[in-house]
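Reader: I am new to this structure. Please show me how to read it.

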Amino acid sequence: MINLELPKKLKASANQAHQVAAQIFRPISRKYDLAEHEYPVELDTMAAMIEGLNDSGGDVGGAAGGRSEASTELLGNSNGGNMAALLNALETSWGDVGLMLSIPFQGLGNAAIAAVSTDEQLERFGKVWASMAITEPSFGSDSAAVTTTAVLDGDEWVLNGEKIFVTAGERSTHIVVWASVDKSKGRAAIKSFVVPRDAPGLSVARLEHKLGIKASDTAVLLLQDCRIPKDNILGSPEVNVEQGFAGVMQTFDNTRPLVAAMAVGVGRAALEELRGILAEAGVEVSYDTPAYNQHAAAAEFLRLEADWEASYLLSLRAAWMADNKKPNSLEASMSKAKAGRTGTDVTLKAVELAGSLGYSQHTLLEKWGRDSKILDIFEGTQQIQQLIVARRVLGKSSAELK
């Protein structure tokens with residue numbers, strides 16, 4: 001049974017992440033929102049802090065633990081790398097999502113490495129800064145439609161294709177690229193490869209201009225006869241038609257709760273700011289009086305806060321299940337769907353209720369409204385998450401329910 005009382009070890013780690021968000025991220029948040037594509041040099045000073053968080057059991061950014069050495073049969077309940085990463089992602093996103101996604105050596109590709117790598121690969125790639133390249137010009141949410149190819153040539157894989165919307169695609173030291181090793185075998189042949197930044201044939205075509213998370217670089221990558229070592233394919237190189245797409249898709253069971261946590265973090269920031277603005281306007285939010293007997297703005301705040309709480313608890317459950325080696329595909333998608341939807345609802349409603357103050361740049365509310373939208377899109381859109389949830393609940397396959 002999940003215990004919602006967090007252990008002291010994780011509380012300490014989350015508190016450190018909150019201090020990073022409050023003391024480093026918040027003061028420079030607007031600066032890098034206005035200076036899109038400019039590297040946040042202040043993040044270079046965080047190396048010691050990140051090491052401290054890692055030593056205390058978690059990662060600041062997207063590097064979910066993915067593995068737990070503890071035996072849950074003996075302990076009964078484990079809170080490991082996934083829970084620690086979720087809490088730290090939540091706290092740093094409270095500060096600034098774009099900056100959180102820009103933290104050196106804490107890319108979303110690290111979650112893929114943690115999820116499906118061998119022990120030897122985890123030793124080699126466990127400390128790199130890895131972004132993740134899945135989406136292509138021909139598809140968005142349908143990850144099985146990958147057209148990038150990987151052909152074995154002696155002791156090297158040769159990759160060809162184009163990847164778009166790669167978070168930290170220019171700054172990271174490595175890219176986790178999804179590619180097919182045999183297109184005739186369909187989605188079962190899609191594997192993930194670790195491509196070093198300096199690999200011959202890998203180039204950045206351009207950086208995208210975006211609505212939000214402007215502090216984070218989002219790149220278009222070209223792979224033109226890109227050569228990498230044979231053992232840079234994550235996990236087993238064998239194509240298992242019976243297993244299908246499950247191997248690489250396991251990555252999402254780790255990363256979707258993290259993205260949910262990002263939305264929860266931004267949502268909490270907006271709720272706190274809104275609560276202060278309402279108080280200054282003389283609007284009291286009461287938990288003892290029925291909502292229908294309160295100011296309309298207070299009633300709306302209570303609704304938003306209830307949705308936020310549900311998102312938070314769903315995210316905790318998904319991460320806890322991952323740490324305790326319980327299948328969490330359903331719960332990961334539920335948390336991502338709920339939190340992504342709630343994040344945009346909370347931040348945009350906060351802008352609305354704050355009036356001209358919310359729409360201006362005097363606060364960060366309008367920025368959070370822009371930042372939150374991507375959290376309902378990447379790592380699988382709202383519609384994709386609901387489709388996955390429906391399949392799991394109804395016991396339907398992807399072929400039966402599209």
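Author: We go from the whole chain to single residues. The model is predicted: local features need pLDDT of at least 70, side-chain atom pairs count only at pLDDT 80 or more, and totals for chains, interfaces and linings use all residues. Residues are numbered from 1 along each chain as its sequence is written, and side-chain values use heavy atoms, with hydrogens and water left out.

Reader: How many helices and strands does the protein have?

Author: Helices (H or I, at least four residues) and strands (E, at least two) are DSSP runs, numbered from the N terminus. Here there are 13 helices and seven strands.

Reader: What percentage of the residues is buried?

Author: Buried means under 20% relative accessible area, exposed over 50%, and partly exposed in between (1.4 Å probe, protein chains only). Of the 402 residues in the protein, 56% are buried.

Reader: What is in the largest nonpolar core?

Author: A nonpolar core is a set of buried Ala, Val, Leu, Ile, Met, Phe, Trp, Tyr and Cys residues joined through side-chain atoms within 4.5 Å. The largest one holds 81 residues. Phe25, Leu87, Ile113, Val176, Trp178, Leu365 and Leu375 have the most contacts inside it. Helix H8 (residues 246-280) gives the largest share of this core, 15 residues. A second, separate core has 18 residues, including Trp157 and Ile233.

Reader: Which residues does Leu365 touch?

Author: Contact means heavy atoms within 4.5 Å. Not counting residues up to four places away in sequence, Leu365 touches Ala270, Glu273, Ile277, Ala350, Val351, Ala354 and Gly358. Across the protein, 75% of the contacts with a separation of 6 or more join residues 24 or more positions apart.

Reader: At what angle do H9 and H10 cross?

Author: Axes are lines fitted to C-alpha atoms, for helices over the stretch in contact, and angles run from 0 to 180 degrees between N-to-C directions. The axes of helix H9 (residues 296-323) and helix H10 (residues 329-353) come within 8 Å and cross at roughly 155 degrees. That makes H9 roughly antiparallel to H10. Angles under 35 degrees count as roughly parallel, over 145 as roughly antiparallel, 65 to 115 as roughly perpendicular and the rest as oblique.

Reader: Where is Lys325, and what is its phi?

Author: Most residues other than glycine have a negative phi. Lys325 has a positive value, near 55 degrees. Lys325 sits in the loop between H9 and H10. Lys325 is exposed, at 55% relative accessible area.

Reader: Is Glu379 buried or exposed?

Author: Glu379 counts as buried, at 12% relative accessibility. Its phi is also positive, near 65 degrees. Glu379 lies in the loop between helix H12 (365-374) and helix H13 (382-394).
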